[in-house]
Amino acid sequence: MDAAAIQRALRRVAHEIVERNPDLRSVVLAGIPSRGVEITRRIAEFIRASEKIEIETGIVDVAMHRDDVGARAELPVVRASKLPLPLEGRTLIIVDDVLYTGRTVRAAMDAINSFGRPARIQLAALIDRGHRELPIRADYVGKNLPSAASEKVRVRLEQTDSESDAVWLFKE
Amino acid sequence: MNVRSPDMNRRWNRKDLLGLRELSADEINFILETADAFKQVGTREIKKVPALRGKTLVNFFVEPSTRTRTSFELAASRLSADVINISASTSSLTKGETLKDTAKVLEANHADIIVLRHSSAGAPQFLAQRLKSSVINAGDGAHEHPTQGLLDLYTIREKREKIDNLNVVIVGDILFSRVARSNIFGLLKLGARVTLVGPSTLAPREFEKLGVSISHKIDNVLPDADVVNLLRIQHERQRKEYFPSIGEYTQLFGLTKERAKLLKPDCLIMHPGPINRGVEIDSEVADGLQSVILDQVTNGLAVRMAVLYLCGGIATP
């Protein structure tokens, strides 16, 4: 997937978010660091361009809510979450780059619940590569990428990786 | 989809926190950055995260302490760890058991993290070398008190947005103070200039070898200070030959209302607590606008959460 294809996919996701949420002012886009935050920024920009609305955005860090701390030698780096409060009555859309096992999304939902109780939570992902380990599905998907578990998906975004925008599916 | 950083292992791979002397500037900065994330948890409706769920922390305080022990206990609870408190009087140390044997028993009970306060310098290191558990130094004799040093660094960095090139003045009983040593190591590594102030018996010239300046006249150094850190006069440890009288100390080194007028308006006033009002600091100054003493307490919680997460969260080999 090249830069143009990524932008097309995100523009479509932005349109779907607008279609599904008539009251855009109640919507909060919450990105999971670090690429989810950049994707959130881009979706918000598409919505601003087409709807002339400044959609609220935030950051939801999942590191301290993961279920595998101590199970691996490498600790996830924790970052501060930042959400517009209160969340009551709002539609919160979790935004991430790749949806895979669903465990990150579960952790994000736990994190969000510790800030308050949004009216509903939706999920947007640039890539859905399958292989869910939890009953979780995305509401908005940039691209479905059928993959084998042995394969890797690599996303690169200019702002977070200092490389040109691209998505690869590859075998190690 | 995940937040693993390729340089996590490069930035932190210690199971223990024994002192700031052995840490690099990058390791110290990494703890402070991690503490930023945990400080934010304190603003949530639910101030508890599952990061250390299933881990057991033992607060093993052979020397009395309320605020440090409470802060570690609260930090561990907020990370969902289970906490056991053991003090000198309730431990079998009073029955003649050695420190090592007591610690082995704790480990056999699956303590993942041991927070140790001990009157002997080096006690945490002694345990760390012999146990698989993480050992966190909560103050060992007159050696180090690394989490106090870190929370002081965190508070300075938060209020002044940097540490590099600041003039930090530490006043009081430097010789017997583990807080002073941890502060000196941490501040110098992060690029601050440190001046120690006290009577020559308590702020001896040997400290200059560490790279700090010494002064015995507080009025000379206050006008240039960006931070003044006042140490508590430890009545309980004070020996007569080092220390003439409380009244004389206050007169020569206390931060009185009049003396505080020498300070720059943005100079921070710090104190590790508990405060002896009217001795090392006047009440009005302790409660004044320049005082960040209560911020230090709040930040202590975030810093200790970060330390427990980093040391206790790594898989035991």
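This is a predicted model: local features need pLDDT of at least 70, side-chain atom pairs count only at pLDDT 80 or more; totals for chains, interfaces and linings use all residues.
Local features need pLDDT of at least 70 and side-chain atom pairs pLDDT 80 or more, while totals for chains, interfaces and linings use all residues. Residues are numbered from 1 along each chain as its sequence is written, chains are lettered from A and ligands numbered from 1 in the order in which they are written, and side-chain values use heavy atoms, without hydrogens and water.

Start in chain A. Two packed helices are described by the angle between their axes and the distance between the axes. Helix α1 (residues 3-20) and helix α2 (residues 35-51) of chain A pack at about 65°, with axes 9 Å apart. Helices here are DSSP runs (H or I, at least four residues), numbered from the N terminus. Axes are lines fitted to C-alpha atoms over the stretch in contact, and angles run from 0 to 180 degrees between N-to-C directions. The crossing of α1(A) and α2(A) is right-handed (the near helix is turned clockwise from the far one by less than a right angle). Ala, Val, Leu, Ile, Met, Phe, Trp, Tyr, Cys and Pro count as nonpolar, Asp, Glu, Lys and Arg as charged, and the others, Gly among them, as polar.

Now chain B. The axes of helix α2 (residues 25-41) and helix α12 (residues 293-313) of chain B come within 8 Å and cross at roughly 115°. The crossing of α2(B) and α12(B) is also right-handed. Their contact includes B:F30, B:I31 and B:F38 from α2(B), and B:V303, B:A306 and B:L310 from α12(B). It has 12 nonpolar, three polar and one charged residues.

B:Q40 lies in α2 of chain B. B:Q40 counts as buried because its relative accessibility is 12% (buried means under 20% relative accessible area, with a 1.4 Å probe and protein chains only). B:Q40 touches A:A80, A:S81 and A:F115 of chain A. Its side chain also makes a polar contact of 3.4 Å with that of B:R44.

B:T155 sits in helix α6 (residues 146-160) of chain B. At 0% relative accessibility, B:T155 is buried. B:T155 touches B:M270, B:V292, B:D295, B:Q296 and B:N299, leaving aside residues up to four places away in sequence.

Finally, the cysteines. B:C267 and B:C311 are each buried at 1%. Zero disulfides are counted over all chains (cysteine sulfur atoms within 2.5 Å).

Key: Buried means under 20% relative accessible area, exposed over 50%, partly exposed in between (1.4 Å probe, protein chains only). Helices (H or I, at least four residues) and strands (E, at least two) are DSSP runs, numbered from the N terminus. Contact means heavy atoms within 4.5 Å. A polar contact is a pair of N or O atoms within 3.5 Å; within protein, one must be able to donate a hydrogen and the other to accept it, and residues adjacent in sequence count only if both atoms are side-chain atoms.
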